[in-house]
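Here is my note on the model you sent. Please read it beside the coordinates.

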Protein chains: 2
Amino acid sequence: MIHEMASILVKPGMGGQFEQGFFEALPLFKQAKGCHGASLERSVEDPLRYLVIVGWETLEDHVVGFRNSEDYGRWRDLVGAFFAAPPFVDHTKVVIDDRVTEEFQ
Amino acid sequence: MIHEMASILVKPGMGGQFEQGFFEALPLFKQAKGCHGASLERSVEDPLRYLVIVGWETLEDHVVGFRNSEDYGRWRDLVGAFFAAPPFVDHTKVVIDDRVTEEFQ
């Protein structure tokens, strides 16, 4: 299990529309092979900067499976127009987790 | 509740020592006022890049309370020597969470 970490800068004034598009795209992630769901976080320092976190069973489930699927096109249709720049995408693996997860829900 | 997101690049060959230092620092976060625990993730693309995620009740609990505490000095003593560059720190707030959290534990 890995995390896709996509840092997205949206165009000024487009935050609300981006969030709505993300919300509408949730079923696309839900039905993607190997996907453990998606979450959206917004920067406190710069309200135009967002972090999309998606759980994937494997790296390939994201970069091969999802990115070559029709749903990837639908995802971009829902949110791509609000991007101010191409997203920066990284993938991470949890090494140590000592967070109080129940507080995050 | 907010997330501190600290992106840390470590010096080549120092990943193991950094992870050990992070593990030893967990009690410092555990006892910090307003802290909801810390986790450590490692980049798949670049194994020298780490993401430290810390839950804080408020931004002030981190940038005023923790950073001015003696435990902040202890944290830096445990991990600072392994940093290849000053960490990039951002803070985020969850907007939408549709992740299957039980899979993350």
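The points below go from the barrel to the helices.

1. Basis. This is a predicted model: local features need pLDDT of at least 70, side-chain atom pairs count only at pLDDT 80 or more, and totals for chains, interfaces and linings use all residues. Residues are numbered from 1 along each chain as its sequence is written, while chains are lettered from A and ligands numbered from 1 in the order in which they are written.

2. Barrel. 8 strands close into a barrel, with antiparallel pairing. The order is E1(A)-E3(A)-E2(A)-E4(B)-E1(B)-E3(B)-E2(B)-E4(A). From one strand to the next the twist averages 35 degrees. Strands (E, at least two residues) and helices (H or I, at least four) are DSSP runs, numbered from the N terminus. Two strands pair if DSSP finds at least two bridges between them.

3. Strand E3 of chain A. E2 (residues 35-43) and E3 (residues 49-56) of chain A pair over 6 antiparallel bridges. A hairpin of 5 residues joins E2(A) to E3(A). A:Arg42 has A:Tyr50 as its bridge partner, and A:Leu40 stands opposite A:Val52. E1(A) is joined to E3(A) by 8 bridges, again antiparallel. A:Ile2 stands opposite A:Trp56 of E3(A).

4. Burial. In E3(A), 7 of the 8 residues are buried. Buried takes 20 or more other C-beta atoms within 10 Å of the residue's own, with C-beta atoms placed from the backbone.

5. Helix H2. In chain A, H2 (residues 59-66) lies across E1, E2, E3 and E4, at about 105 degrees to E3(A). H2 of chain B (residues 59-66) packs on the sheet and touches E1, E2, E3 and E4 of chain B; its angle to E3(B) is about 105 degrees. Angles run from 0 to 180 degrees between N-to-C directions; axes are lines fitted to C-alpha atoms, for helices over the stretch in contact. Contact means C-beta atoms, placed from the backbone, within 7 Å.

6. Helix pair in chain B. The axes of H1 (residues 15-30) and H3 (residues 70-79) of chain B come within 8 Å and cross at roughly 165 degrees. H1(B) and H3(B) are therefore roughly antiparallel (over 145 degrees). Residues that meet include B:Phe18 and B:Phe22 in H1(B), and B:Trp75 and B:Leu78 in H3(B).

Definitions and conventions: Contact = placed C-beta atoms within 7 Å. Buried ≥ 20, exposed ≤ 12 C-beta atoms within 10 Å, placed from the backbone. Parallel < 35°, antiparallel > 145°, perpendicular 65-115°, else oblique.
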